[in-house]
Amino acid sequence: MRTRVGIIGAGPAGLLLAQLLDRSGIESVLIERQSAEHVAGRIRAGILESTTVDVLRAAGVGDRLAHTAIEHRGIYLQWPGTRHQVDFADLIGRSVWVYGQTEVTADLMAARAAAGQRIHYKVTDVGVHEVDSDRPHITFRDEHGVARRIDADVIVGCDGFHGPSRQAIPASVRRTWERTYPFAWLGVLAEVAPSTDELIYAWHEDGFALHSMRSPAVSRFYLQVRPEEDIAEWSDDRIWAALAERLHIDGWTLRTGTITEKSVLPMRSHVTAPMRHGRLFLAGDAAHIVPPTGAKGLNLAVADVAVLAEALTAWLGAGDERAAAAYSATALRRVWRATHFSWWMTTMLHRHGDDFDGELQLAQLRRIAQSTHAATELAENYTGTSIETA
Ligand code: RFL
Ligand code: PHB
């Protein structure tokens, strides 16, 4: 096969890149390790920055989003005895949107199908070759086990944290930074109306809890647990009891319902640089992971791809390589900002260390409630910067 852009991974980053390139008249081929059903069913992120919404609209996948996404003007920060609203709209005139990653993926998959674009699902043995040359190529086996090869002008690794693309950057030029956290999240999806109008991020003696949502009838929750936590030890009753305890505030009750999904998620920060080597580019989780406390993972992937699609269009469409040459540096500025914010939210809200750490966390939370400057810092980071000013 011959194409302009060979894309590895059909998560949000890969699907969106193919869609944006298509709208600029640049052909691509996508390969994906999992089945389409598996990709469509993964429950992950839920919060979109308004910039992300703008990019999705510009990509032609904004219709369903415009009708069903729910705009949120802020979040609650909570600690024992206090539930404090940080009102982004009042502070800086910006907001965020609740729209599940499953919905974003479904919209992008429908758009790809409508465009008749080539996607190979259930591929194996993916190899990335000769990215230092003018003839980079990808080898793989298709779902029938047939060996295939894609020759492309450029290859983009959108294959997430466990994909092979990152390793195709020689160890001599690749640099990584990593932090693992001494806790994990137990994520829960439940068929019950949210018990709150805004997301609640709660500091608690027993550990962090988050009340999020997916729709007027579906709630999403997270509980801080140990990294090695055995999910079998978390009965539905135990989950509801822990959520009620950690989210408790006088005069408020948590509605309960049927739990439809639960899983334990590891927490880490990871950055790989450069995000371009020769004719190989990395985007999304393939290059960086943030802990989910700041709700940045999906938004960062979308921002990378928005910058990259424009750079590749200029290069492959008009012969101007300047933006492609600047891609890694441009993307990494936003990545490091989000990495800092996600680390900060994570360390402020999760129980770790000793009582001294706990008192520092509470002092920081009170500071946000008392100071417009401190609250504005949170609001600007949470709602995200525009693509151009990152
Ligand atoms: P994805 O979504 O991981 O997609 C990568 C795709 O590449 C495929 N792949 C391969 N394809 C071909 N050949 C190979 N050898 C391949 N190896 C892998 C994979 O099957 C997959 O389809 O990365 P992308 O597109 O960069 O999108 C990033 C977002 O998905 C991610 O940042 C967020 O979902 C992170 N994240 C969360 N972020 C939040 O903001 N809030 C959350 O609540 C939240 N929950 C999560 C998450 C990430 C999770 N993972 C990755 C463990 C929960 C989970 C479980
Ligand atoms: C979610 O709804 O999945 C969600 C919301 C906010 C976060 C992380 C995850 O910070």
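Reply: Buried means under 20% relative accessible area, exposed means over 50%, and partly exposed is in between (1.4 Å probe, protein chains only). Strands (E, at least two residues) and helices (H or I, at least four) are DSSP runs, numbered from the N terminus. This is a predicted model, in which local features need pLDDT of at least 70, side-chain atom pairs count only at pLDDT 80 or more, and totals for chains, interfaces and linings use all residues. Residues are numbered from 1 along each chain as its sequence is written, chains are lettered from A and ligands numbered from 1 in the order in which they are written, and side-chain values use heavy atoms, with hydrogens and water left out.

Me: Which strands pair with strand 5, and in what sense?

Reply: Two strands pair if DSSP finds at least two bridges between them. Strand 5 pairs with strand 6 (residues 82–87) in the antiparallel sense over 6 bridges, and Gln78 has Arg83 of strand 6 as its bridge partner. With strand 13 (residues 199–202) the pairing is parallel, over 4 bridges; there, Ile75 stands opposite Leu199.

Me: How many residues lie between strand 5 and strand 6 in their hairpin?

Reply: The hairpin has 2 residues between the strands, and Gly81 takes a positive phi near 90°.

Me: How is the size of the chain read?

Reply: The protein chain has 11 helices and 19 strands. Its radius of gyration is 21 Å, close to the 21 Å from the globule rule for 390 residues, so the chain is as compact as a globular protein of that length. The radius is taken over C-alpha atoms, and the rule is 2.2 Å times the number of residues to the power 0.38. Along the principal axes, the C-alpha atoms fill a box of roughly 65 × 40 × 40 Å. Buried residues make up 55% of the 390.

Me: Is Asp159 buried or exposed?

Reply: Asp159 is buried, at a relative accessible area of 15%. Asp159 lies in the loop between strand 11 (147–157) and strand 12 (175–191). Leaving out residues up to four places away in sequence, Asp159 touches Ile8, Gly9, Pro164, Ser165 and Ala286, where contact means heavy atoms within 4.5 Å.
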